[in-house]
Amino acid sequence: PRSMVRVGDDTAETGSFLCRPGTGYRTRTGKTCCPASNIRQDNLHSWFRADARLSSMSGGVASISLRLYFRYVFNERVEWRPLRWELLSEMHGRRVHVSAASTDLRYAWHVHPDAASLAPNAADLPIHLRLPDGAGSTPLTVRLHASFGVRAWDPAIQMCIDSEDVVHVDP
């Protein structure tokens with residue numbers, strides 16, 4: 001069976017991220033930044049989301065496709081855009097860390113996408129969970145937690161950062 005899970009705050013109104021005239025500043029690329037469009041530690045979850053889809057189950061391994069998104073705000077446009085592999089930055093030696101745990105907390109994993117197999121423009125990040133013996137006989141619900149670094153100043157992203165305390169993103 002294939003399933004999809006979406007995580008992240010998708011309820012914020014578009015207008016809440018736009019700058020009122022006279023309240024912001026322009027970056028060298030022409031992007032307007034202001035308090036409404038700045039990413040702060042207390043509002044990280046409004047700026048990122050993650051989708052996970054079970055791709056296959058074979059030989060006791062669950063293959064999952066993970067896709068990370070950021071809220072792109074540029075002048076009057078607000079939209080969700082995928083974070084491509086090249087836009088992610090290493091954090092503790094890897095670009096993406098995924099901690100997974102069964103909802104009953106009997107099983108846990110810490111995995112990473114295989115960097116060598118990913119093209120720079122890849123948005124679907126494959127991860128693999130080796131299932132415990134006997135786990136395939138009953139349904140297993142797993143919760144994923146992805147941590148990743150973002151190249152916030154890349155021209156494809158151009159995030160407005162409010163302070164230095166915005167270091168990790170954990171949607």
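In the hairpin of β5 and β6, two residues lie between the strands, and Gly 59 has a positive phi near 55°. Strands here are DSSP runs of E with at least two residues, numbered from the N terminus. The model is a predicted one, in which local features need pLDDT of at least 70 and side-chain atom pairs count only at pLDDT 80 or more, while totals for chains, interfaces and linings use all residues. Residues are numbered from 1 along each chain as its sequence is written, and side-chain values use heavy atoms, with hydrogens and water left out.

The strands β5 and β6 run antiparallel and are joined by ten bridges; two strands count as paired if DSSP finds at least two bridges between them. Within this pairing, Leu 54 stands opposite Ile 64 in β6. Strand β6 also pairs with β11 (residues 125-130), again antiparallel, through six bridges. Six bridges likewise join β6 to β7 (residues 77-82), and these two strands run antiparallel. In β7, Val 78 is the bridge partner of Val 73.

How much of β6 is buried? Of its 14 residues, 13 are buried, so the strand is largely enclosed by the rest of the structure. Buried means under 20% relative accessible area, computed with a 1.4 Å probe on protein chains only; exposed means over 50%, and partly exposed is in between.

Ser 63 counts as buried because its relative accessibility is 15%. Across the strand pairing, Ser 63 stands opposite His 128 in β11. Contact means heavy atoms within 4.5 Å. Leaving aside neighbours within four places in sequence, Ser 63 has contacts that include Arg 53, Ser 55 and Ile 127.

Aromatic rings come next. Rings of Phe, Tyr and Trp (its six-membered ring) pair if their centres lie within 6.5 Å; planes under 30 degrees apart count as stacked, over 60 as edge-to-face and the rest as tilted. By this rule there are two aromatic pairs. The ring centres of Phe 48 and Phe 148 are 5.9 Å apart with planes at 75°, so this pair is edge-to-face. It links distant parts of the chain, since Phe 48 in β5 (residues 48-58) and Phe 148 in β12 (residues 142-150) are 100 residues apart. Both Phe 48 and Phe 148 are buried. The rings of Phe 70 and Tyr 72 have centres 6.2 Å apart and planes at 80°, so they too are edge-to-face. Phe 70 and Tyr 72 are both buried.

Terms used. Helix = DSSP H or I, 4+ residues; strand = E, 2+ residues; numbered from the N terminus.
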